[in-house]
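Please keep the model open beside them as you go.

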Amino acid sequence: MLSNKTYDVLKWIALVFLPALGTLYFALAGIWGLPCGEQIVGTITAIDTFLGVLLGISSMRYNEK
């Protein structure tokens, strides 16, 4: 079971930080020619989706109580 603080931090990471990071890297990769833009953004998106699913399951279990 996650504490409220841990849940809130992970939720912020999933909803704000990872999408912003992916967008930033994708934009900078296009502007500056940074390597593997699509692969890195795809990896960030996959991690974000996985985290979102885990948080959704945790929230669902918490609300069942």
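Contact here means heavy atoms within 4.5 Å. This is a predicted model, in which local features need pLDDT of at least 70 and side-chain atom pairs count only at pLDDT 80 or more, while totals for chains, interfaces and linings use all residues. Residues are numbered from 1 along each chain as its sequence is written, and side-chain values use heavy atoms, with hydrogens and water left out.

1. Asp-48, partners. I would start with Asp-48, which sits in helix 2, residues 37-64. Helices are DSSP runs of H or I with at least four residues, strands are runs of E with at least two, and both are numbered from the N terminus. Once residues up to four places away in sequence are set aside, Asp-48 touches Ile-13, Ala-14, Leu-18 and Pro-19.

2. Asp-48, charge. Is Asp-48 buried or exposed, and how far away is the nearest side chain of opposite charge? Asp-48 is buried and has no salt bridge, with Lys-11, the nearest side chain of opposite charge, 12 Å away. Buried means under 20% relative accessible area, exposed means over 50%, and partly exposed lies in between (1.4 Å probe, protein chains only). A salt bridge requires a side-chain nitrogen of Lys or Arg within 4 Å of a carboxyl oxygen of Asp or Glu. For charge, Lys and Arg count as positive and Asp and Glu as negative, whereas His and the chain ends are not counted.

3. Overall form. The protein chain has 2 helices and 0 strands. Its C-alpha atoms fill a box of roughly 50 × 15 × 10 Å along the principal axes.

4. Contacts and surface. Among contacts in the protein chain with a separation of 6 or more, 56% join residues 24 or more positions apart. Buried residues make up 18% of the 65 in the chain. The chain exposes about 5,000 Å², with carbon and sulfur atoms supplying 70% of it; these areas come from the Shrake-Rupley method with a 1.4 Å probe, and for residues only the protein chains shown count as cover.

5. Charge layout. The chain carries 4 positive and 4 negative charges, and their mean positions are 13 Å apart. Each charge is placed at NZ of Lys, CZ of Arg, CG of Asp or CD of Glu.

6. The loop. Do have a look at Cys-36, in the loop between helix 1 (4-32) and helix 2. Its phi is near 55 degrees, a positive value in a residue other than glycine. Cys-36 counts as partly exposed because its relative accessible area is 45%.

7. Glu-38 and Ile-40. Both belong to helix 2. Glu-38 has a relative accessible area of 66%, so Glu-38 is exposed. Ile-40 is partly exposed at 31% and, beyond its neighbours within four places in sequence, is in contact with Tyr-25 and Pro-35. From Ile-40 to Ser-3 the C-alpha distance is 30 Å, at 37 residues apart in sequence.

8. Leaving aside neighbours within four places, Ser-58 is in contact with Leu-2 and Tyr-7. Leu-21, in helix 1, is partly exposed at 33% relative accessibility.
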